[in-house]
Amino acid sequence: QHQSIPSHPTITMKSIIAATTLATAVAASQQGLEAIQKDGLSSDSAMGRHLLANARKLEDGNAYNNNYDDMSWVAGFSIKFLGCNTVTQWVNENADNDNADGDDNNNNNNQNGDNSEMTAAMDPTNGKIESVGLVRFRLCPRDHCFDHFGVGCSQHYGEYVVAMSTFLETYLSYEKEMSEQGCEAYRETCYTKCDQSNKALCYYNCYKGYGINAAFCASSDGNGNYYDGMFDMDSAIQCTQYEYGGEDGYQHWLGPQCSGQGGVITLGLFDDEDCQVASDRQPVYYQKNYGAPVTPHTSDSIVSTNCMSCLATDEDAANQDAEYYNYDADGNKNYYESDNVNSLCATAYVAAGKCENQIDSSSVLYPEEGACTYLEGVKRLKDDGIIRGNETVTSKPASIAIGFFTGAACLLAGYVGYLKHKIQKSRVNLAGVTTSLA
């Protein structure tokens, strides 16, 4: 059965459109994108409410008396994971108390409240600095999205950014839904084969033999009965306590991390319960020294880099009865029609910041471009996770290549000068010989 995605702070362009004046002023200031960075992606700040909203499935279907947008065109596209980034942001620790009154109160604060809250968020005594993961993805025309091409397509695309937690939950829910029939069909077979096996990868190899990623199979039946050999990926992507770390005096937490220079999302161990500080000891250490079971996706990406069609299939039929909405800066609900769009693309699209300045106008009548500047800032992230909009990004390999070719050019120029000098000298000597003969 399809699992609805919990609401999370996510980016919406309706809210960014409502904040056009503010965004323009910030971009024109000396800080540029640093002002956005200062507020980060936290829903407890004023800028956060402009960039983020709660994207969730509508339960009652009573949507037709509010704003309504059509995203059915997404069914003709494929989603392509581009990579991940980690942003350093300021988080107001009082946000939890402020949010306790519910989303509606959050989204209906007046401008004076926004300003006072922004000032409070800048107070060092009110919060802390933490890292937040982002995911970038593209929507490419379905017939022109290529797995081997790193960015999927080179024209007629939309580019988007969304919180990593939101994307992972959406992706995992979709993959579990797509794998449900296969997992059930071969569960008994793999149990019979691996129950008495001492091979750590027996279950995973068994399912893999049937073309199924065991990490996307349910770990329980939902009634408290857990399946043997199944890994609880739902808990892992939420940052959960690692039960096998502690025998050596260390306590760890398992959670997702952006690795491979931003190319993949893997699971790793952290030294803190918020999964902010990566640990020196990773799951493989406890597997070798303490007999801990294998943790999947510690070296390979949780998210596929292949193009995934956004067209709903029979397995995703439940999505056809679902409605999606988010909030604008004034707390108004914006609904999206999602005919024939699968749950992965529909949820990711509604939750994401959008840059559709490259998309074909015949596909989207009103493309959204509110996140284009933010996306450019994300691409300029440095190792410290700070967005800089007014600095040139340097590339070490490019710098080395430039230095090499510059040096080679200087050597070549010197060699040419040397040859020219020798030729001139030979001409002088030849002239002298000719005069003597005369």
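Buried here means under 20% relative accessible area. By that cut-off, 44% of the 438 residues in the chain are buried. Keep in mind that this is a predicted model.

**Whole chain.** Show the cartoon. The chain has 14 helices and 14 strands. Among contacts with a separation of 6 or more, 71% join residues 24 or more positions apart.

**Helix α8.** Select residues 164-194. Then pick out Phe-167 and Tyr-171, four residues apart in this helix, about one turn. Their rings are stacked, 6.4 Å centre to centre with 10 degrees between the planes. Both residues are buried.

**Across to the loop.** Tyr-171 belongs to helix α8, while Phe-216 sits in the loop between α9 (202-208) and α10 (233-236), so the pair ties together parts 45 residues apart in sequence. Relative accessibility is 2% for Tyr-171. For Phe-216 the value is 5%, and this residue is buried too.

The chain has 16 aromatic pairs.

**Charges over rings.** Lys-354 lies over its face, 4.7 Å from the ring centre. Last stop: Tyr-227. The charged end of Arg-187 sits over the Tyr-227 ring, 3.9 Å from the centre.

Notes: Residues are numbered from 1 along each chain as its sequence is written. This is a predicted model: local features need pLDDT of at least 70, side-chain atom pairs count only at pLDDT 80 or more; totals for chains, interfaces and linings use all residues. Side-chain values use heavy atoms; hydrogens and water are left out. Helices (H or I, at least four residues) and strands (E, at least two) are DSSP runs, numbered from the N terminus. Buried means under 20% relative accessible area, exposed over 50%, partly exposed in between (1.4 Å probe, protein chains only). Contact means heavy atoms within 4.5 Å. Rings of Phe, Tyr and Trp (its six-membered ring) pair if their centres lie within 6.5 Å; planes under 30 degrees apart count as stacked, over 60 as edge-to-face and the rest as tilted. A charge sits over a ring if NZ of Lys or CZ of Arg is within 6 Å of the ring centre and within 35 degrees of the ring normal.
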